[in-house]
Amino acid sequence: MDAVKRFDALVVGAGVGGLYALYRLREKLGLNVQVLEAGDGVGGTWYWNRYPGCRCDVESLEYSFSFDPELEQEWSWPERYGNQPEILQYVNHVADRFDLRRDIQFETRVAGATFDRKSNLWSLTTEAGEVFIAPICIMATGNLSVPRVPDFPGLDDFEGETYHTGLWPHEGVDFTGKHVAVIGTGSSGVQSIPIIAAQAETLTVFQRTANYILPAENGPQDPEVEARHKATYRERRKAAYDTPFGISGYPYPTKSALEATPEEREALYEETWAAGGQIGFLFAYTDILTNDESNKTVRDFVHEKIRGIVKDGHVAELLCPNDHPIGTKRLVLDTGYFETFNKQHVHLVNARKAPIEALTKTGLRTTEAEYSFDAIVFATGFDAMTGALKEIDVRTTEGRSLTEDWAAGPYTMLGIMCAGFPNMFMITGPGSPGVKSQMILSCEQHVDWIVDCLAHMRESGQAAIEPTEASQHDWTMHVKDVADTTLYPKAASWYMGANIPGKPRVFMPYVGGVNRYKAKCEEVAAKGYEGFTFTAAEGRELAMAGED
């Protein structure tokens, strides 16, 4: 085993959050930082997810770093919505532009993390047996970074090709002339199905739950739109923090959907559908996500759109979601998804009515039929929000375990820290807006709060910080109470952990809005980090020399 390696701060993950944490810790605090990354490159979710059609559902000009004005002016996005190769290229550019790679150790998967109160040190052990220690540990492990591999019987019996959208081969896959199955119709399934259908001899889609899918209306970036956006970038960035989703450019609605006439609603929904994107529908009226009757007006509109696109009436009805309000599961943006089911070689199987029983040597078997395939694609999603952290054995020398603490669901303070685990910070953890916001904005907001907190600790002679049990409980209950005022809990979504067998059904994101959340974070800091306790340095420096 290599000698123990000592640093001022350790960051787990080199996605957008981990890279920004490295930049800020190094530039503002002058810390000796080591980032540990499981992959062989930067990018996080954009490194791992390379399935065909992978694309962001936030417009490119918004989904980007805001910390450097020169960076945002010099980079040009070729399309309205960035695809995976474009976004990965951008993240690599950021890593190179700010010389971040020199502090990243790639192909290093962290297996365990232990805090010792006596030494005030975190000790991170990798799968290869390396040990890294530092007083500060920042978990930038991502919200959608642990692919859910289905547990169908006979998984190893199938002799054809199998792929998971979250673990796609970097060299790509050619389905030309093959009989292909796609299992799952969430975001990755919806994005990949039209492209796979264009190659495959036949494509059979197994859908357990229909999802609400809206047109992206993607296309080449309009130079005039880009110029206007860049001319007002600073104002837009500031404005984004004053919105619920962290995305600027959408005026607040002023009335309920029920206060509008049917004609007014129809005209607004038609305009929103034609414009493309998801925020327009959620912002159409004040109560789309809080009043089921108002929500139904959007549901009915989208159902009619599906029926107008899909020629086979039976297939169209299968594609119309009927078990959750629109917006309570992740809205998916599509390009040609519904049109794909008009192709003669594309078939849709109702996997709720006829569940998959097992994989076989030549394909798979449902309760009603047996199918033969050359390849099966699992678009079965992720163990979201808690999966990556729970894959690491996080504990203290006193015997406290994060996995045990989260057995009934995650408890956090602001989605940033956990009681009992001093100096361990999370970027967009459960209990924060995270997945219900523009993720780069939320990553930046969290990192800025963490860095300011560490600066405060250095200036006031503090060695450690952690939330109190009471403040953590109160915040977690607040997250639940806010969710309960909305329609979100009505859906069996991955926000609730419903896609993972045996996972506690707890609504994990904070849906009170980025604006309210940021104000709360600022209030906590302004009150001397109310709800947190500090441990004095007592002669120890918070930031230690980075020596082996």
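## Confidence

The chain has a mean pLDDT of 95, with 98% of residues at 70 or more.

This is a predicted model, with local features needing pLDDT of at least 70 and side-chain atom pairs counting only at 80 or more, while totals for chains, interfaces and linings use all residues. Residues are numbered from 1 along each chain as its sequence is written, and side-chain values use heavy atoms, leaving out hydrogens and water.

## Aromatic pairs

Searching the whole structure turns up 41 aromatic pairs; rings of Phe, Tyr and Trp (its six-membered ring) pair if their centres lie within 6.5 Å, with planes under 30 degrees apart stacked, over 60 edge-to-face and the rest tilted. Tryptophan 46 and tyrosine 63 make an edge-to-face pair, because their ring centres are 6.0 Å apart and their planes sit at 75°. Tryptophan 46 is in helix H2 (residues 45-48) and tyrosine 63 in the loop between H2 and helix H3 (69-74), 17 residues apart; helices here are DSSP runs (H or I, at least four residues), numbered from the N terminus. Both residues are buried, meaning under 20% relative accessible area with a 1.4 Å probe, protein chains only.

Elsewhere, ring pairs link Tyr20, Tyr23, Phe65, Phe67, Trp75, Trp77, Tyr90 and Phe98 into a cluster.

## Charges over rings

Arginine 50 lies over the face of tyrosine 47, 4.9 Å from the ring centre. Lysine 518 has its charged end over the ring of tyrosine 241, at 5.1 Å from the centre. The cut-offs are NZ of Lys or CZ of Arg within 6 Å of the ring centre and within 35 degrees of the ring normal.

How values were computed
pLDDT is the predictor's confidence in each residue, from 0 to 100. Helices (H or I, at least four residues) and strands (E, at least two) are DSSP runs, numbered from the N terminus. Buried means under 20% relative accessible area, exposed over 50%, partly exposed in between (1.4 Å probe, protein chains only).
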